[in-house]
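Dear colleague,

I am passing on a structure that I would like you to look over before we discuss it. My notes on it follow below the model.

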Amino acid sequence: MIRFEQVTKRYPDGTTAVDDLSFEVSEGELVTLVGPSGCGKTTTMMMVNRLIEPTSGRILVGGEDIAAVDPVRLRRRIGYVIQQVGLFPHRTVLDNTATVPTLVGWKRAKARARAAELLDLVGLDPKTFGSRYPDQLSGGQRQRVGVARALAADPPVLLMDEPFGAVDPVVREQLQDEFLRMQAAVRKTVLLVTHDIEEAVRLGDRIAVYGQGRIEQFDTPGAVLGSPATPYVAEFVGADRGLKRLSVTQIEPADLEQPPVARVDEPAGRAADRLRADGARWAVVLDAGGDLHGWVGVGELGAGGTVGELAHRMSSWVPVGAPLKQAFGVMLQHDAGWVAVPDGARFLGVLTPAKLHEALRRSVDADARGVPRDQVAFDSVADA
Ligand SMILES: Nc1ncnc2c1ncn2[C@@H]1O[C@H](COP(=O)(O)OP(=O)(O)OP(=O)(O)O)[C@@H](O)[C@H]1O
């Protein structure tokens, strides 16, 4: 969808910002460009919408050499989000969002309806926020409007230059999550510039790690973290890359353990006898269909009533497919020491600290060897 062929950019003062760059971003793919300040990321991105012209080489968008496309027409097909959002201060949020559709000749009512839809998509209620002015928004809300505006004319390609750079880390993580959810729905072809390896790893389907004007490694987050191509990449991704993997490794059913289980309608006394005989001190409580109902301590199961009447709500849980980092966070918030993992409402099993460690190690090995995670044998002292 976006293809760089031996692209070089030399500025008039002799600085080579980008040196013989070739790579491709597939349709619907999100590629992050990451690297230290001044390595040529922004130059790369701005050549795609012809805000900067390459010195040599070709760039194709949708198979078309962009050197032959009128820049104004080109930019209508390419949404652009920058850190300083650049909203018009005297226009409402709704009118700001409707800017591009209006420019390309949509009727006002249609443009505004589309703008409202997009504000909704980025998590801003158009009824509350549509009539506000940019200075009546928080930094994070302004960034969201920037994203909504870039998407308004439904461009197939989105360029994002440090789009979440101007907000604090908590809001930043929230915006990243929302953006990922949105991208899963709209599947744009995205080039996103960041200097933050954590952000690159979280957001990218693939990552281009930049050295000076060159890509040192272009691969999936797992591969970049698991087997850095050069000492430079290894240093850039950092010694804590095992920890960074927590946010890109998803919980799979095979990672889970099966804990002691009791049914909601089971008489409490009988459940207590059964569980004690198995040496269990607690049990996950399921309803008749296998859905997660809660948990109960064996000591709480007196003679009367049913298990369901004595069960506690399960607050320590994460959905299957969630990143291990989320499970680890939940694990640290509760005394249980494990987290329940359902698929929708259906209970699949629990993730224990030992299983979390195992999933992470398997994922490192799997990437290093280029095989699926379930093909990695694992031998832990925790199993002994
Ligand atoms: N107009 C210009 N004239 C001369 N040199 C320039 C110009 N614009 C950028 N450069 C240089 O080109 C190199 C790459 O700059 P670029 O802005 O692409 O880097 P970057 O990776 O996006 O950095 P940052 O993360 O700091 O934004 C830098 O050395 C920069 O100083």
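Helix α7 (139-151) is part of what covers the buried residues of α8, where cover is understood as contact, that is, C-beta atoms placed from the backbone and lying within 7 Å of each other. Helices here are DSSP runs of H or I with at least four residues, strands are runs of E with at least two, and both are numbered from the N terminus.

Before going further, please keep in mind that this is a predicted model, in which local features need pLDDT of at least 70 and side-chain atom pairs count only at pLDDT 80 or more, while totals for chains, interfaces and linings use all residues. Residues are numbered from 1 along each chain as its sequence is written.

Helix α8 (residues 169-186) consists of 18 residues and reaches 25 Å from its first C-alpha to its last, which is close to the expected 26 Å, a span defined as 1.5 Å times one less than the number of residues. Its buried residues include Arg 172, Leu 175 and Phe 179. Seen down the axis of α8, the buried residues fall within an arc of 65 degrees, so they line one face of the helix; the arc is that of the directions from the helix axis to the C-beta atoms. On the other side of α8, Val 170, Asp 177, Leu 180, Arg 181, Ala 184 and Ala 185 are exposed. I use buried for a residue with 20 or more other C-beta atoms within 10 Å of its own, exposed for 12 or fewer, and partly exposed for anything in between, with C-beta atoms placed from the backbone. Just after α8, Arg 187 takes a positive phi of about 45 degrees.

**Other positive phi values**

Gln 6, which is not a glycine, also has a positive phi of about 45 degrees; it is found in strand β1 (residues 2-10) and counts as exposed because it has 12 C-beta neighbours inside 10 Å. Asp 20, in strand β2 (residues 16-25), has a positive phi near 55 degrees, and its 15 C-beta neighbours inside 10 Å are why it counts as partly exposed.

**The ligand and Lys 41**

The ligand is surrounded by 13 residues, of which Tyr 11, Ala 17, Ser 37, Thr 42 and Thr 43 are the closest, a residue being near when its C-beta atom, placed from the backbone, lies within 6 Å. Helix α1 (residues 41-48) gives the largest share of this shell, 3 residues.

Lys 41 lies in helix α1 and counts as buried because it has 25 C-beta neighbours inside 10 Å. Not counting residues up to four places away in sequence, Lys 41 touches Leu 33, Gly 35, Val 193 and Tyr 210. The C-alpha atom of Lys 41 is also separated by 9.6 Å from that of Ala 208, although the two residues are 167 apart along the chain.

**The chain as a whole**

The chain has 384 residues, of which 39% count as buried, and it contains 16 helices and 15 strands. Its C-alpha trace spans about 85 × 50 × 35 Å along the principal axes. The domain assignment, which is automatic or from a database, gives domain 1 (2-245) and domain 2 (253-359), and their centres, taken over C-alpha atoms, are 42 Å apart.

Best regards

Methods: Two residues are in contact if their C-beta atoms, placed from the backbone, lie within 7 Å.
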